[in-house]
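Hi there,

Here is the structure I promised to pass on. Have a look at it first, and my notes follow below.

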Amino acid sequence: MPSPVEAAVRDARDRYAAANPASRARHEEALATLPGGNTRTVLFHQPFPLGIVRGEGCRIWDADGHEYLDLLGEYTAGLFGHSDPVIRAAVVAALDNGVTLSGHPMTEARFAAAIARRFPSLELLRFTNSGTEANLMALALATAVTGRRTVLVFEGAYHGGVLSFPVGNVPATNVPHRFVVAGYNSPDIAAVLEAVGDDLAAVLIEPMLGAGGCVPATPEFLATLRTETGRLGALLIFDEVMTSRLAPGGRQAAVGIRPDLTTLGKYVGGGMSFGAFGGRRELMERFDPRRPDALPHSGTYNNNVLTMAAGLAAMTGPFTPEAVEALNARGDRLRTDLAAVLAGLPVQVTGLGSLLTVHFTARPVRTGADAARADPRLTELFFFDLLERGIQVARRGMVALSLPVGDADCARFVDAVADVVRSRRALLT
Ligand code: PMP
C-alpha cells in the first residue's frame, strides 16, 4: 500500500501524463538519440518533462497548448523574459552582419566594459561559453598563480556540470581538483581553512547557494572567508553566476566584500550562451598573450557575435540599477507574502531578492544539508499542483523572477500556493 503522499504523487503524475500527450510524444522521439530524452539533466522529471513551444514576456506555452506563468525564468538566465525588444533588436542586427567572423566583433570590448562598470572588482575579465567554463578557468588561474593545489568548496554548492557538490552520496562527474568540502555557513570555517594551510589555492563560493536551495551565506561568514584567504595567501572566488542579479553590483556589493576573482553567467549574456571570469588586474593579466609567461585561454565561441550583442544590449539597456532594485524588492515582498501563507506549516521559504526556494521541511534552512532534508515527494507534488494551476516553478521548488513578472503575477502565485496548501493540508500536517 502506498502512503497517502505516495498515492498523491502517483495520481499527480498520472493526471500530468494524461494532460500532456504531445509533450510525451516529443519525449519519446527524443529517447532515440538523447539518454533519457535529455541533454540537460536539471530539466528532467518523471514521467517526462514538458515540451515548450513558445514564450512571450513571462508566459510560456507547451506542446499541448497550455499556457503557464513562467516563474522558473530559466534558472535565473531568463531575467529579461522571452521577448525583450532591446535585446531582440540587437540580436537581429548582429545576424544581419554575419555570425562567424573569425575576429573581434566591435561589441566585445564594450560588453566587457559594461560588465566592469557594473561589477568593479572585475578589473579585467574574459568571456567563456558557460558558467561552468568560467569557474573552470578561475580555478585554473588560481592554482597557476598560487602554485597550490587545494580548492575549498561547500556542501550543496553547484558551480557547473563538472563542479558539483550535492549533499549525500551522489555519483559525480567532477574535474579532478584536490577539493575539500566544508559546511556552508559553518562556524568552524577558520579552523578548516587553517588545516588546509599553505596548500590552499582558492575558496570558491556562491554567496547564496542557488541550486542548493537559495540559502544565503551570512555576511559574517563571507567576511571570515575574505580575512582568512587573505591571511593564507589564497584567492577568494565568488561564483556570482546566479547572485550577481541580487543587487546592482552583485551580492559582493551588497555585503561590501571584494573577492579576488568573480565568475558570471546566465542572464548577463541577455539570454545567449554566456560565461565570464575576472577580477584583480595583476591576476587576470596572466592571460595577456603579449607576456612570455601568458596562460592560454581560447574558445571558438567565447566572443560569439550573438552573445556579445545581446549581452551588451542587456547590460546597457534593460538591466538598469533601478530595474535591479525593483526586481529584487518585488521578490522580497513575494517571499514575505509566501511566508505568511505558509505560516505554521512545516515549510520554509528561503532566498534573497528575486530568488527563492520553498522547502518542505519543518526545520529552518541555513545550510546545504538543511535544504537536503526537504521531503522530495511533497516537493514534487508542489510542482505538479502549481503546473495544474498554470504556473511553472523549478521542479526543486525554486522561483526566479524575471523583469516582466508584475505584482499581479506575484499575487496570482501567492493565491495558487494558498490553494495548494488548502487542498494538501492533510499531507502537510
Ligand atoms: N554556477 C552557478 C552558481 C550556477 O547556478 C550555475 C548554473 N546553474 C553554474 C555555475 C553553471 O553555469 P552554466 O550552466 O552556464 O554552465
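Which residues does Arg-286 touch, not counting residues up to four places away in sequence? Arg-286 touches Leu-141, Val-145, Arg-291, Asp-293, Ala-294 and Leu-295, where contact means heavy atoms within 4.5 Å.

Before I go on, a word on the source. This is a predicted model in which local features need pLDDT of at least 70 and side-chain atom pairs count only at pLDDT 80 or more, while totals for chains, interfaces and linings use all residues. Residues are numbered from 1 along each chain as its sequence is written, and side-chain values use heavy atoms, with hydrogens and water left out.

Back to Arg-286, which sits in the loop between α9 (281-284) and α10. Helices (H or I, at least four residues) and strands (E, at least two) are DSSP runs, numbered from the N terminus. Arg-286 counts as buried at 17% relative accessibility; buried means under 20% relative accessible area, exposed over 50% and partly exposed in between, with a 1.4 Å probe and protein chains only. Its side chain also reaches the backbone oxygen of Asp-293 at 3.2 Å.

Helix α10 itself covers residues 305-316. From its first C-alpha to its last, α10 reaches 16 Å, close to the 16 Å expected for its 12 residues at 1.5 Å a residue (the expected span is 1.5 Å times one less than the number of residues). Of those 12 residues, 10 are buried, among them Val-305, Met-308, Leu-312 and Met-315. The cover over the buried residues of α10 includes α3 (85-96), α4 (107-118) and β4 (124-128).

Now for the ligand. Its surroundings include Ser-130, Thr-132, Tyr-158, Glu-206, Asp-239 and Lys-266, a residue being near if one of its heavy atoms lies within 4 Å. Helix α5 (residues 131-146) gives the most to this shell, with 3 residues. By class, the shell has 3 nonpolar, 6 polar and 3 charged residues; Ala, Val, Leu, Ile, Met, Phe, Trp, Tyr, Cys and Pro count as nonpolar, Asp, Glu, Lys and Arg as charged, and the others, Gly among them, as polar.

An oxygen atom of the ligand lies 2.5 Å from a polar side-chain atom of Thr-132. A nitrogen atom of the ligand is 2.7 Å from an N or O atom in the side chain of Asp-239. The protein buries 83% of the 390 Å² that the ligand exposes when taken alone (accessible areas come from the Shrake-Rupley method with a 1.4 Å probe, and for residues only the protein chains shown count as cover).

Lys-266, part of that shell, has a positive phi near 55° without being a glycine. Lys-266 is in the loop between β13 (261-265) and β14 (275-279) and is partly exposed, with a relative accessible area of 27%. Asn-185 also has a positive phi, about 65°, although it is not a glycine. Another backbone feature is the cis peptide bond joining Gln-46 and Pro-47, with omega about -10°.

Finally, Arg-15 in helix α1 (residues 4-19) touches Glu-388 and Arg-424, not counting residues up to four places away in sequence. The side chain of Arg-15 makes a polar contact with that of Asp-11 at 2.6 Å; a polar contact is a pair of N or O atoms within 3.5 Å, and within protein one must be able to donate a hydrogen and the other to accept it, with residues adjacent in sequence counting only if both atoms are side-chain atoms.

Best wishes
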